[in-house]
Amino acid sequence: MFETLINRLSLSRSASITDVVGAVHLMPYGRPRVRSAEGALAEWRGTCSTKHALLAALMAERWPETEPRLVHRVYRCTPGQATRSYGPQVAGAVPLEGLWDVHRYLTVGIDSRRITIDITFPTSPSWDGVNSMRLACGPGTDHVVAVNADADAEKRALEEAWCDPAVREPFIAALASK
């Protein structure tokens with residue numbers, strides 16, 4: 001995947017972790033037709049799930065010592081939180097009582113610390129290469145994906161347990177249109 005990324009973006013083979021995180025961070029938000037790391041790379045767009053799956057694969061391939069781990073956060077999004085985080089257009093897609101969502105982000109080991117990376121939206125601040133990034137979701141319960149587990153199956157199971165697709169899908173569509 002690293003070769004495909006550097007060829008697609010004309011990055012140097014010696015691109016740093018910060019360069020690669022920054023490149024994937026700038027990928028537009030939106031669901032690729034094939035909901036996978038490969039689909040996001042091929043279509044150059046992704047959601048929290050596909051962008052972080054792509055970044056985790058790139059990190060594991062190029063910098064395995066960082067031990068990338070995907071994390072799923074189950075959280076409740078209220079209209080007020082959506083207004084503050086995403087703006088009034090997205091908040092309009094959130095029912096008054098709120099909605100449950102599952103957000104994916106990534107942690108990596110750097111300098112004996114676990115660093116949180118959330119590259120969901122290209123408009124959020126860039127990663128400085130040292131500190132954890134702010135998450136693109138509210139507080140909730142984190143579920144760390146086990147090494148070699150099927151992260152997509154785990155996320156689907158959490159979505160089935162917590163989310164109402166009839167409520168969540170308009171929210172995701174509104175996020176993609178912001």
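Okay, so burial: I call a residue buried under 20% relative accessible area, exposed over 50%, and partly exposed in between, using a 1.4 Å probe and protein chains only. By that cut-off Glu-159 is buried, with a relative accessible area of 18%.

Quick housekeeping. This is a predicted model, where local features need pLDDT of at least 70 and side-chain atom pairs count only at pLDDT 80 or more, while totals for chains, interfaces and linings use all residues. Residues are numbered from 1 along each chain as its sequence is written, and side-chain values use heavy atoms, with hydrogens and water left out.

I mean a side-chain nitrogen of Lys or Arg within 4 Å of a carboxyl oxygen of Asp or Glu. That rule gives 11 salt bridges. When I name helices and strands, those are DSSP runs, numbered from the N terminus: H or I with at least four residues for helices, E with at least two for strands.

Back to Glu-159, then. Its side chain meets that of Lys-155 in a salt bridge, 3.0 Å from N to O. Both sit in helix α7, 4 residues apart, about one turn of the helix. Lys-155 is buried too, at 5% relative accessibility. Through shared partners, salt bridges join Arg-31, Asp-101, Lys-155, Glu-159, Arg-168 and Glu-169 into one network.

Arg-104 is buried at 0% relative accessibility, whereas Asp-152 is partly exposed at 29%.

Next, Arg-73 and Asp-142: a salt bridge with the closest N and O atoms 2.6 Å apart. Here strand β1 (residues 69–77) holds Arg-73 and strand β4 (residues 140–144) holds Asp-142, 69 residues apart.

How are helices α2 and α4 arranged? Helix α2 (residues 17–25) and helix α4 (residues 48–62) pack at about 160°, axes 10 Å apart. The axes are lines fitted to C-alpha atoms over the stretch in contact, and angles run from 0 to 180 degrees between N-to-C directions. Contact here means heavy atoms within 4.5 Å. On the α2 side, the contact residues are Ile-17, Val-20, Val-21, Val-24 and His-25, and on the α4 side Lys-51, Leu-54, Leu-55, Leu-58 and Met-59.
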